[in-house]
Amino acid sequence: MAAWYPWIVLLHLSCAIVFVGAVAFEVLVLEGLHQRFDAAAMATIEQAAMARVRRFMPIVVLLLFVSGGMLFDLRCNGLACVGTRFGTFLLLKVTLAFAVLGVFVSAVRAGARGRMSVCRFRHTHRVVLALMAGIVFLAKTMFYL
């Protein structure tokens, strides 16, 4: 599987870019549009954006976690790196990733049950963006600190 490592990294990074980019767009762009459009127009815009995201994001998240698990196994040789500085950063990164997954699954369930309020929508995306920023920070620093 080591021969596939560069391709797995590419898949993982591509999925991470799509996921973080979508969340950043929602937080940094869509939230700013609330000041320019009335509530009905914003509801229509957000519903259209979320309908589009719901079509591909579950696949992106699945590929992100599968490739992440494969990379964990390759880089850590099972659990051999646990206890090292690299392993500590990696486990913290994985913990944040599972926190993102928990928030993501909770949001999907709330949306399916009609319990996704505007306030919950905003806070969910802000929390996910903060967690993802932490993951990106750890992903870059775990190789250098």
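Arg 122 touches Glu 31 and His 34, leaving aside residues up to four places away in sequence; a contact here means heavy atoms within 4.5 Å. Arg 122 sits in helix H4. At 27% relative accessibility, Arg 122 counts as partly exposed. For that scale, buried means under 20% relative accessible area, exposed means over 50%, and partly exposed is in between (1.4 Å probe, protein chains only). Met 50 lies 72 residues from Arg 122 along the chain, and their C-alpha atoms are separated by 13 Å.

A quick word on what you're looking at: this is a predicted model, where local features need pLDDT of at least 70 and side-chain atom pairs count only at pLDDT 80 or more, while totals for chains, interfaces and linings use all residues. Residues are numbered from 1 along each chain as its sequence is written, and side-chain values use heavy atoms, with hydrogens and water left out.

**Overall build**

The protein has 4 helices and 0 strands, giving the pattern α-α-α-α along the sequence. Helices (H or I, at least four residues) and strands (E, at least two) are DSSP runs, numbered from the N terminus. Along the principal axes, the C-alpha atoms fill a box of roughly 55 × 25 × 25 Å. Of the 145 residues, 32% are buried. Among contacts with a separation of 6 or more, 76% are between residues 24 or more positions apart. The protein exposes about 9200 Å², and carbon and sulfur atoms supply 69% of that area; accessible areas come from the Shrake-Rupley method with a 1.4 Å probe, and for residues only the protein chains shown count as cover.

**Cysteines**

There is 1 disulfide in the structure, a disulfide being a pair of cysteine sulfur atoms within 2.5 Å. Cys 76 and Cys 81 are the partners, with an S to S distance of 1.8 Å. The torsion about their S-S bond is about -95°, so this disulfide is left-handed.

| Residue | Relative accessible area | Class |
|---|---|---|
| Cys 15 | 6% | buried |
| Cys 76 | 1% | buried |
| Cys 81 | 8% | buried |
| Cys 119 | 47% | partly exposed |

**Two pockets**

Pockets are found on a 1 Å grid over the protein atoms alone: a pocket is an open set of points where a 1.4 Å probe fits, with protein on both sides within 12 Å along at least five of seven lines, and lining residues have an atom within 4 Å of a point. Grid points are joined across faces, edges and corners, and a volume is the space filled by probe spheres set on the points.

The largest pocket has a volume of about 860 Å³. It is lined by 30 residues, and His 12, Leu 71, Lys 93, Ile 135 and Ala 139 are the closest to its centre. Helices H1 (5–30), H2 (39–76), H3 (85–112) and H4 (118–141) each give two or more residues to this lining, with the largest share, 8 residues, coming from H1. The lining divides into 24 nonpolar, 3 polar and 3 charged residues.

Of the 30 residues that line it, Met 50, Arg 54, Met 116, Phe 121 and His 125 are the closest to its centre. Here the largest share of the lining, 10 residues, comes from H2. The lining of this second largest pocket divides into 19 nonpolar, 7 polar and 4 charged residues.

Terms used. Ala, Val, Leu, Ile, Met, Phe, Trp, Tyr, Cys and Pro count as nonpolar, Asp, Glu, Lys and Arg as charged, and the others, Gly among them, as polar.
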